[in-house]
Amino acid sequence: MAIALPLFLFGTFVVLGLVGASAAVGAYGYYSQGLEDPKNLLEKLDFAEETVVYDRTGKIELARFGQVKRDVVDYDTIPAWLIDATTSTEDKTFWDNAGFDPVGIVSAAIDTAQGNERGASTITQQLVRARLLPQSAFAGTRYERKVREIIQSIRLTQEYQGIDGKKKIMAAYLNQNFYGNRSYGIKAAAKGYFGIDDLSKLTLAQAAILAGIPQSPTSYDLMKNAEEVCTVQVAAGKDCPDGKTVLQVPDDSPIVERRNKILDLMKTRSVLTVGQFTDADFEAAKKEPVILTPPASANWLAPHFVWQVRHQLGSILCGPDQADTCEAVDTGGYKVITSLDWGLQRKAEKWVKAAAIAPNRGNTAAYLRSIGVSYAPWIRDLKGRGIYNAALGAVDYRTGQILAYVGSGSYYEKPRGKKFQPKFDVLGDGWRQAGSAFKPINYLTGIEDKTLTASSLFMDVVTNFGGGYAPGDADLAERGPLRLRQAIQLSLNIPAIKAALISGPDHVYQFAKKLGIQWQSTKNPAGGSIGIGTVELHYIDLISAYGSIADSGVLMPRTAILSVQATDNKGAPTTVWPTTAKKPTGTQAISAGGAWIMKDILQSNTDPRSNPFWSRRALYSGGRRRPAALKTGTTNDEIDLAAMGFVAAPRDPKAAALVVGAWMGNSDNSAPPRGTVALETAASLWQAFFQDALKGEPIAQFESKPKNVIQVAVDANSGMLPGPFTHKTFKEYFIQGTAPKQADDTKTGIAIDKATGKLWQDGCLGPKVTKGVMDLSGVEAGWPNWQKFDRAWAGRAAKGVGVRGGPKHTPTEYFGFGSYFPFGATWGAPFAPTKMCPIGGPHPTPPPFPSGSPFPTESLPPAQP
């Protein structure tokens, strides 16, 4: 046996072309060190104590892992169709392989190399990885662990030989699997989801869906995916009568789609039930509704957060690959001290309920009174808006610790159809568009590359970027020339897309990863529209990214856990994690200068002097405004409504420095009625929570600019150095070496007949004067396609504001906030007249320039640091 195994591995490795002959034998000897003798290994499996989860004080119990249900079953009590469902999806060669599948490994490797990463672990490997490897086997790289896993899988298969051995392996596998919903083992899952004690009573469809869960038990948890469905017809807006609802997993949910795929696989891969089921049986099973009948269980506190704790704990104990299937989470008897601030958590839950639950209740006022919230105008405005869900997260950006976490309106609230699925975690598990809340990261890409600055000039003009893609701004106006800072202040879409194209959309995609953003794919799927936040991400990642901007560009590792403690064999407490007393350190994701400049722009959004619109969501304490940075995001069709922002760090280094993200929308990605924007919804939730969370706290100020950030006066319209025809300036901040060197050339001097205001020619009455007029011929010169639309806009703008045209028939407009134009009702200068002055004749009354007259040069007050 000891000789046969190395020879088997040797042959396998040589066939795979992985190693040479001597290396194969040596690899076996090296990697098998420390692996337990497989003799009677399955019989030794046992299950231990439950794990208890606490808040950051260690006094408030949030949850217990492991009190759930596990009933160990023998192979003979497991129906053959459940076993066939399991092997069909997890290991089609189970009954024949030697513990691992060489062909499967090669196939998976090829798919991974082509960008479609997938695993190739057999059932035996999964069992070994979960329960039958010592902790030392997880040392080294992922590939070294995989080799140890393969070796032990082969040894286990050789120890438990033949069909009887395979049956024991299968029973052990099904008994140890995690099926979500705090259920370990197939019998616990059957009982927890369907109320079934006798596995032989599982239907074909139920067996297939249970077999599909272990691949991703957190995502495929049936309880998390279920909706409460009324079994009788009721009028729109009316609640379902008591006793007339069932808990059902929607037919279009990923786990039901996976069930149906497994049923298709069973048609050709079944071994034990060949001939027992017809194609018609499988098709009927695919149409069977997934109705759940779970038993009552004790409620967790902060349940969405607890699921995040569970995931992180699994990663700590068993490694990232087994974070959601780690047996030790439920059996290790650990004491977990989390980062949760219970006081902040209760406030977060209160305000999320006020935003998502209260407006959709029949008696909103009474519900608000029950949770201690006054019926504020913003809540009243949500009534009938068609928004059914909300989420909010708060992180200490100096430590990365999650302090409050509400992933949906209210975990234990009854679902309201597809629009409100309370158990689903929007923040950490949901993939959602960020909309304009992503724009700061987009612009930071260019600022960090030093290809953009806060005063970079963009033409805010609807442009066909190719393929008919010609997005407009939210208000469907075109403001012409403006600076990057102004583009963020008004959250304009067109400059953001142009910035992404200048930086390179794929580069923006990769840059976001530096700030902790995880994407679903390795490549940017959205092209330039990534600049306006069309690529889906996790909102909790975006919250951390904003925390990096707040913390001078330092991205702290986000954590839900402060410590994990166990008890040794003498009953004494021991610390399992962290393994060192050294405090966690962050990474310098972006430069301190770039972060400070973006922070300066974002904090201006809550300053009424700089942004009369967004400053409606400013924070106040005792009548004084609290400095805060804010950016909202409203996605296409208003499906996702986001608000992200932070306050200045307190002077006390032990006090929390808060970055907060809020989301509102519907669980099923359905759109509310048009006209719903984040500023009035998610930003109101953000503001309400922040006001409550910081009540009585000292007002902190943002830090002064870094030494490598300088302030330079620029033309208020073009962002260049002031030129001879500049009429207003603005003092902007730049990373040293990036300030503009060229004087404003968007305005040029031409000879005008003062008497008529027309172009001068010899013989006119005069006098001849030189006036500055717009000259946009050099703007966006590197993008000829953009310039085509810029020129068309200039032709319309020369006629004044409100002149429509372009791909979306949009009107020309000045930069401003309603009727307030901080730099005047002008694009910087009038456009040149098109007609020549008449020669001779009477002296007419001089008319005004077509689009206003120049203003005397003056400077605005400097931007506040």
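Author: Buried means under 20% relative accessible area, exposed over 50%, and partly exposed in between (1.4 Å probe, protein chains only). Helices (H or I, at least four residues) and strands (E, at least two) are DSSP runs, numbered from the N terminus. This is a predicted model, where local features need pLDDT of at least 70 and side-chain atom pairs count only at pLDDT 80 or more, while totals for chains, interfaces and linings use all residues. Residues are numbered from 1 along each chain as its sequence is written, and side-chain values use heavy atoms, with hydrogens and water left out.

Reader: Which residues of helix 7 are buried?

Author: Gly165, Lys166, Ile169, Met170, Ala171, Ala172, Tyr173, Leu174, Asn175 and Gln176.

Reader: And what covers them?

Author: Other helices are part of the answer. The cover includes helix 3 (80-90), helix 5 (123-131), helix 6 (142-159) and helix 8 (186-194), counted by contact (heavy atoms within 4.5 Å).

Reader: How many Å does helix 7 reach from its first C-alpha to its last?

Author: Helix 7 covers residues 162-176, and its 15 residues reach 22 Å. That is close to the 21 Å expected at 1.5 Å a residue. The expected span is 1.5 Å times one less than the number of residues.

Reader: Zoom out. How many helices and strands does the protein have?

Author: The protein has 25 helices and 27 strands. It has 865 residues, and 55% of them count as buried. Take the contacts with a separation of 6 or more: residues 24 or more positions apart account for 70% of those.

Reader: Now helix 15. Is it mostly covered or mostly uncovered?

Author: Mostly covered. Eleven of its 15 residues are buried. Among them are Trp342, Leu344, Trp351 and Val352, along with the charged Glu349 and Lys350.

Reader: What caps its N-terminal end?

Author: Asp341 does. One of its side-chain oxygens lies 3.1 Å from the backbone nitrogen of Gly343. A polar contact is a pair of N or O atoms within 3.5 Å; within protein, one must be able to donate a hydrogen and the other to accept it, and residues adjacent in sequence count only if both atoms are side-chain atoms.

Reader: At what angle do helix 15 and helix 16 pack?

Author: About 180 degrees, with the axes 10 Å apart; helix 16 is residues 364-371. So helix 15 is roughly antiparallel to helix 16. The cut-offs: under 35 degrees is roughly parallel, over 145 roughly antiparallel, 65 to 115 roughly perpendicular, and the rest oblique. Axes are lines fitted to C-alpha atoms, for helices over the stretch in contact, and angles run from 0 to 180 degrees between N-to-C directions.

Reader: Which residues make the contact?

Author: Helix 15 gives Lys350, Lys353 and Ala354, and helix 16 gives Tyr367, Leu368 and Ile371. They divide into four nonpolar, no polar and two charged. Here Ala, Val, Leu, Ile, Met, Phe, Trp, Tyr, Cys and Pro are nonpolar, Asp, Glu, Lys and Arg charged, and the others, Gly among them, polar.

Reader: Change of topic. Where is His304 found?

Author: In helix 13, residues 303-318. His304 counts as buried, at 3% relative accessibility. Its side chain reaches the backbone oxygen of Pro422 at 2.9 Å. Leaving aside neighbours within four places in sequence, its contacts include Tyr405, Tyr411 and Phe424.

Reader: Which residues does a cis peptide bond with omega of about 5 degrees join?

Author: Trp577 and Pro578. Pro578 sits in the loop between strand 13 (573-577) and strand 14 (587-588). The bond from Gly766 to Pro767 is also cis, with omega near 10 degrees. Pro767 lies in the loop between strand 23 (758-759) and strand 24 (768-774).

Reader: What is phi of Lys450?

Author: Near 65 degrees, a positive value in a residue other than glycine. Lys450 is exposed, with a relative accessible area of 52%. Its loop runs between helix 18 (439-449) and strand 9 (457-460).

Reader: And Ser491, buried or exposed?

Author: Buried, at 10% relative accessibility. Phi of Ser491 is positive too, near 55 degrees. Ser491 is in the loop between helix 19 (484-489) and helix 20 (493-503).

Reader: What does the side chain of Thr756 reach?

Author: The backbone nitrogen of Lys758, at 3.2 Å. Thr756 is buried, with a relative accessible area of 9%.
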